[in-house]
Amino acid sequence: MKSANRVRDLLVLAVAAGSSLAHGDLVHRWTFDEPVGSAPSGTIVADLIAGEEAVVIGEWQAQATFTGEGIRLPGTSNGNHSLGFMSPYLDLPDGLISSKVNLTIEIWAAPHSVTNYDRLFDFGRSNLTHGPNAEPGEINDINGQGAIPGASNADDNLYYSFAVGDDPNVQRLDAVVNDERGNPAYHHDVARATSLGQTYHYVCTFEDGVGTYGQQGGRLTWFRDAELVYSADVDFRLNEMEDVNNWLGRSQYTNDWNADAEYVEVRIWDHALSSQEIADNFVNGPDFLQDSDSDDDGLLDVAFEDVYFGNHDGVATPAELALHDGNGDADGDGFSNLEEQMIGTDPTDPQSPPPLPNPDHLWTFTSQADSAVGSGLIFPDEAGGDRKVTLVGQGGALDGRQVIIPGSTTGNQPLAGIAAYLNLDNGIVSASPSVTFEAWATPLSNKTWARLFDFGRTVETSGPGAEPGEVVDGVGNPGNYSAHDNLSLTFNVANDLNQQQLEGEIDDNGPVFTFSTAPTIPGTEYHYALVVEDGVGEFGSAGIRVSWYRDGVLQNFDDFNFRLEDLEDVNNWIGRSMYGGDSNAHLALNELRVYRSALGEQQVQASAFLGPDPTSGPPEPPAPAVIPTLRWDFNVSAGNAEEGMTFLDASSREELVVKGNGALLNGGEIILPGGTNGEESAATISAYLELPNGLISSFREFTIEGWMTPLSSRFWQRIWDFGSCTETHGAGALPGEIVDDAEAPNFFQANDNLFLSWNMQGTLGAHRLGGKINAGGETQVDTDLSGTTSVGSEYHFVMTVEEGAGSAGAGGCRVRWYRDSVFSGSIDLPFRLQDMEDVNNWIGRSNWSPDENSHLSLNELRIYDSVLSGQEVKTSFQDGPNTVFAPPVAEDDAATLHEGQKVLLDVLRNDSGNPDPTTVAVVSPPVRGMHRSST
């Protein structure tokens, strides 16, 4: 957010044909249209004209934030606080006003609330001097108990307040030098109705030598939205002001409130704009700049070619334009002029951006694609070092260009059950005083407190051969451990994927953390850089400064009172937390680099621009399509699907039955209407689908697959729910079965069940996979895909059940699920399918009666008597519904048989096309002897 972004910011400004910026010299210009994210104390936004810095000061209770259009200050305190308890404001350079003869201050800003004389701007000096190296009347905020400036007022100032007291419909204009307030015309209140949250155009002009006081003074004029508000003659000139506190959102009067406002753009002109120029600027709005690429070389004439190749006078002459084009590399640094314009660096400086060092450790993950990677896979250091990355846990995958981990469990799991994460070698963080970790990573869904990086040790020691504080996954759960030492960056704050936390802790003395806000879209790859600088920041040589960037933009930084050599980094994890109750991350990691130095901001920006290794490993060999055991489609005439309508599997004649009311057929799908929950009679309940009792429990291994479209969001609506409930209802009902009849059933909840939901509460695409037995506790995993779920879009769902897999061993099973062939979560259950009493096997209805029946359309439903692999799921997804499967091909079998002996022939082994074993029949019995067939 420093001057390196200057040209990149200019590139996004609107160009309006036939209009132009007001004439005269625009000498300072700050736009705040940075990418959406946090603006912690110390954030710098560069003046696009002269490179001067606007600095965010303070972050008490809430940080300033970039909204994408401006910077929002939260207004959480007044000005009489130490730095650690100061609400954010913007500090502009000293001398900004006194260096001018004539002046225009032009601001687009929106007040969001008012408390007490909240300032739009206040330029001048205080009657107090406070803080290190402060000039007379200057206030430099510092940390520390009692380090407050005290109650102050202004000796010199020029200000506009959003409110008089707490009334936003009255504003105050004031100007004074040397605290001389004899002329009441300087101090004026004006009533202008104000809508909080609305952006207004504020202008203040100063004309030197104009008015009552002639050459000893000037005229101040104020405008809002191009309307003249007030004008007054003053008996001083700008050079008489000692403007050492030039603030946006803070007052020289420390008991006035810091502003709760959003600043969109700030301009300083070295002349007084005319009323027509002000009106033109109001009409054009902020972020308006007329610039062009008249020589069609990709480079902006004024913002780039005049600035860097010309004389920076605001005019690009033909001679200047002819010097260089976009393809050239004027400074020979390997970046073309066009690339430097895109990055925002100086094309005449070979050190801008500074050359990127080679990474000391590198992993690109361009391995052979594999949809089922076993725990323990090692990725060697591709930079030639001896460090390694190890995939630990279950459910990992490789797609040829990235490693994918599922985020389906917390960290408090045994090795057999924990969701895969990446483990870096012990000591990789503490091996150098400064370090940079760089990753191209894609968060795939929303998980609770999911980590990108977490380096350190826990308060517990667990597992064979573990160092103190190390967690080595084994046969038992490690416990609900917490951090002892750590340095971490999260994808989430709790369940909010649009917030992130930077945290550090040493010697179990309690975590120090700050939050940032960077809106995040699941499935989008971002560039992350975590930079640790030794000896920088508040704690000097005894500490570190840790900064993190996303896509080249600084998001947050914090200072910690320890050095990396103090960190006992025996758990160096990607996708796992030092807190056992946090979820492992659901992410794809494209590339990981480690540098034994702190990359600078321009180096981070350049690396983000250049991107990761573009190559990919070999694809996973395609898996042949598996023929389903049971299959139902809805390719029948359009019309009503009445209660009791039955759809038959083509081979077994197994039934799928419509229950309830309002279902429709459209010629290719069945549509379930939603509209009720499960506590309804047969006459009123909205339609759902029912599979036969005992069908699910008849399988030892099992896959169910469906192509479904959500048609609206409903409370806890189900994709499917199989099992029994706590009530028995209806004629002939088995224990735990609900048979709809003339009476509505009482409240019920699941006794046994296995389910996958469309919703958590009312959030569509926030899925839950869960299971329980004998009314016990529910095992569940939540996968939030709400950001990529749309009403009316068809999705492919697969759920597999593998008996004997997972942490429960032979007495349990592992359940996995996929959406659109992407592995989305798994649970280990302490029971098998055959242990369930599955008397309510429902599509679109829940075994919890308050949950709403689903509003969906179902294209096709399939069941398999095997566990589809990830690659087989992908094949089915690619083939889609209504697939025509080739018939099985039988090959002849032969064996030599001696008289009086017998032979066992596996007659299906050499056949293709997935023949159904139950259909094997002996067409011609042997001439001599006997035969018997079995499956």
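I shall speak about strands, then backbone geometry, then the surface and the salt bridges.

A word on conventions comes first. This is a predicted model, in which local features need pLDDT of at least 70 and side-chain atom pairs count only at pLDDT 80 or more, while totals for chains, interfaces and linings use all residues. Residues are numbered from 1 along each chain as its sequence is written, and side-chain values use heavy atoms, with hydrogens and water left out.

Let us begin with the sheet. Helices (H or I, at least four residues) and strands (E, at least two) are DSSP runs numbered from the N terminus, and two strands pair if DSSP finds at least two bridges between them. In general, strands of a sheet pair through backbone hydrogen bonds, either parallel or antiparallel. Here, eight strands make up an open sheet with antiparallel pairing, in the order E3-E4-E7-E16-E9-E10-E11-E12. Its edges are strand E3 (44-46) and strand E12 (188-191), each of which pairs on one side only. On average, neighbouring strands of this sheet are turned by 25° against each other, direction ignored; the axes are lines fitted to C-alpha atoms, for helices over the stretch in contact, and angles run from 0 to 180 degrees between N-to-C directions. Within the sheet, strand E10 (residues 154-161) and strand E11 (residues 170-176) run antiparallel and are joined by five bridges. Leucine 158 stands opposite alanine 175 in E11.

Strand E50 (residues 813-819) pairs with E51 in the antiparallel sense over seven bridges. Tryptophan 817 has glycine 825 in E51 as its bridge partner. How many of the eight residues of strand E51 (residues 822-829) are buried? Seven of the eight are buried, where buried means under 20% relative accessible area, exposed over 50%, and partly exposed in between (1.4 Å probe, protein chains only).

I turn to backbone geometry in the loops. Glutamine 61 has a positive phi near 65°, although the residue is not glycine. This glutamine 61 lies in the loop between strand E4 (53-57) and strand E5 (64-66), and glutamine 61 counts as exposed because its relative accessibility is 60%. Tryptophan 449 also shows a positive phi, near 55°, and its place is the loop between strand E25 (435-443) and strand E26 (451-458). With 23% relative accessibility, tryptophan 449 counts as partly exposed. A cis peptide bond joins serine 352 and proline 353, with omega about 0°; proline 353 is placed in the loop between helix H5 (337-343) and strand E18 (361-363).

Next, the surface. Leu897, Val903, Leu905, Val907 and Val920 form a nonpolar patch with about 370 Å² of accessible area together. Patches are made of residues with over 30% relative accessible area and no salt bridge, like charges being joined within 9 Å and nonpolar side chains (Val, Leu, Ile, Met, Phe, Trp, Tyr) within 5 Å. Accessible areas come from the Shrake-Rupley method with a 1.4 Å probe, and for residues only the protein chains shown count as cover. Valine 903, found in the segment after helix H7 (870-879), is partly exposed at a relative accessible area of 45%.

Finally, the salt bridges. The structure holds 38 of them, each defined as a side-chain nitrogen of Lys or Arg within 4 Å of a carboxyl oxygen of Asp or Glu. Which partners does arginine 451 have? One is aspartate 454, with the closest N and O atoms 3.1 Å apart; another is aspartate 582, with a distance of 3.0 Å between the closest N and O atoms. The pair of arginine 451 in strand E26 and aspartate 582 in the loop between strand E33 (571-574) and strand E34 (586-595) links distant parts of the chain, 131 residues apart. Arginine 451 is buried at 2% relative accessible area, aspartate 454 is buried at 0%, and aspartate 582 counts as buried at 11%.

Glutamate 860 and arginine 862 also meet in a salt bridge, at 2.6 Å from N to O. Glutamate 860 counts as buried at 0% relative accessibility, and arginine 862 is buried at 2%.
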